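This report describes the fold, the nonpolar cores and the side-chain interactions of one protein model. The sequence and the structure are shown first.

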Amino acid sequence: RVRKSATPQRASSSNSAPSKLPDDLVVMGRVTVPFGVRGWIKVHTLTDDPESLCDYPVWRLGRSGSWREMRVVASRMQGNVLVAQLEGVDDRDAAAALRGSDVAVLRAELPEAEEGEFYWADLVGLNVVNSEQHDFGRVSRIMQTGANDVLVVTAEAGGGETLIPFIADVIRQVDLKSGRIVVDWGEDY
């Protein structure tokens, strides 16, 4: 099981973060649109429990490598979407200006991952090999597909991508210390 708390990568989809993410930050979501007319925002979360982002009183919002600290005035679940009001964001126009910003928290504030769980941020950059020692490359990002998470692995030479499902039947070992993931996946899949 993966604790989906971050995916620092280079892309503009809703499950990604900017390329210049400081090491001490972990992306937890992204501002999507304003909510109402009083400065509230909707946040697409990248966590197993979307409401867990409400536990952090200060968020760091960033876009294009520029980050700023913002205090959370109020936050709650509205159906299955997290909505929040940030200090100094008092109207719809101010909220709209935040659209597309990534929402991050300090890594030091995160709870320790349990045995067999990993933060996405810790998986990005790991080398991926199969049991025959075929080197697929490095995890460049992680996609949410609805059914399961998928590692997007970019080859060192040529830059081709391999998509590998992050499920128990495929992932044999994740070794954060050695920077390696061993998979049961053929090079021609």
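## Overall architecture

Helices (H or I, at least four residues) and strands (E, at least two) are DSSP runs, numbered from the N terminus. On this basis the protein, which is a predicted model, contains 2 helices and 12 strands. Their order along the sequence is β-β-β-β-β-α-β-α-β-β-β-β-β-β.

Of the 189 residues in the protein, 46% are buried. Among the contacts with a separation of 6 or more, 53% join residues 24 or more positions apart.

## Nonpolar cores

The largest nonpolar core has 24 residues, and the members that touch the most other members are L151, I164, I181 and V183. At least two residues of this core come from each of β1 (25-35), α2 (120-123), β8 (135-144), β9 (149-154), β11 (171-175) and β12 (180-183). The greatest contribution is that of β8, which gives 3 residues.

The surroundings of L151 can be listed individually. Leaving aside residues up to four places away in sequence, L151 touches V139, R141, I142, T162, L163, I164, F166, I171 and I181. The protein also has a second, separate core of 22 residues, with L53, L86, L110 and A121 among its members.

## Aromatic rings

A pair of aromatic rings is described by the distance of the centres and the angle of the planes. The structure holds 1 aromatic pair. The ring centres of W185 and Y189 are 4.8 Å apart and the planes stand at 80 degrees, so this pair is edge-to-face; the cut-off for that class is an angle over 60 degrees. The two partners can also be described by their accessibility: W185 is buried, at a relative accessible area of 18%, whereas Y189 is exposed, at 62%.

Another ring has a charged neighbour. R76 is placed over the face of W40, at 4.7 Å from the ring centre.

## Salt bridges

In total, the structure holds 5 salt bridges. One of them joins E69 to R60, with the closest N and O atoms 3.3 Å apart. Within this pair, E69 is exposed, with a relative accessible area of 56%, while R60 is buried, with a relative accessible area of 11%.

A further salt bridge links the side chains of R138 and E156, at 3.3 Å from N to O. Because R138 belongs to strand β8 and E156 to the loop between β9 and β10 (161-165), the pair ties together parts that are 18 residues apart in sequence. R138 is partly exposed, with a relative accessible area of 39%, and E156 counts as exposed at 57% relative accessibility. The side chains of R172 and D184 likewise meet in a salt bridge, at 3.1 Å from N to O. R172 lies in strand β11 and D184 in the segment after β12, so this pair ties together parts that are 12 residues apart in sequence. D184 counts as partly exposed, at 39% relative accessibility.

Definitions and conventions:
Residues are numbered from 1 along each chain as its sequence is written. This is a predicted model: local features need pLDDT of at least 70, side-chain atom pairs count only at pLDDT 80 or more; totals for chains, interfaces and linings use all residues. Side-chain values use heavy atoms; hydrogens and water are left out. Buried means under 20% relative accessible area, exposed over 50%, partly exposed in between (1.4 Å probe, protein chains only). Contact means heavy atoms within 4.5 Å. A nonpolar core is a set of buried Ala, Val, Leu, Ile, Met, Phe, Trp, Tyr and Cys residues joined through side-chain atoms within 4.5 Å. Rings of Phe, Tyr and Trp (its six-membered ring) pair if their centres lie within 6.5 Å; planes under 30 degrees apart count as stacked, over 60 as edge-to-face and the rest as tilted. A charge sits over a ring if NZ of Lys or CZ of Arg is within 6 Å of the ring centre and within 35 degrees of the ring normal. A salt bridge is a side-chain nitrogen of Lys or Arg within 4 Å of a carboxyl oxygen of Asp or Glu.
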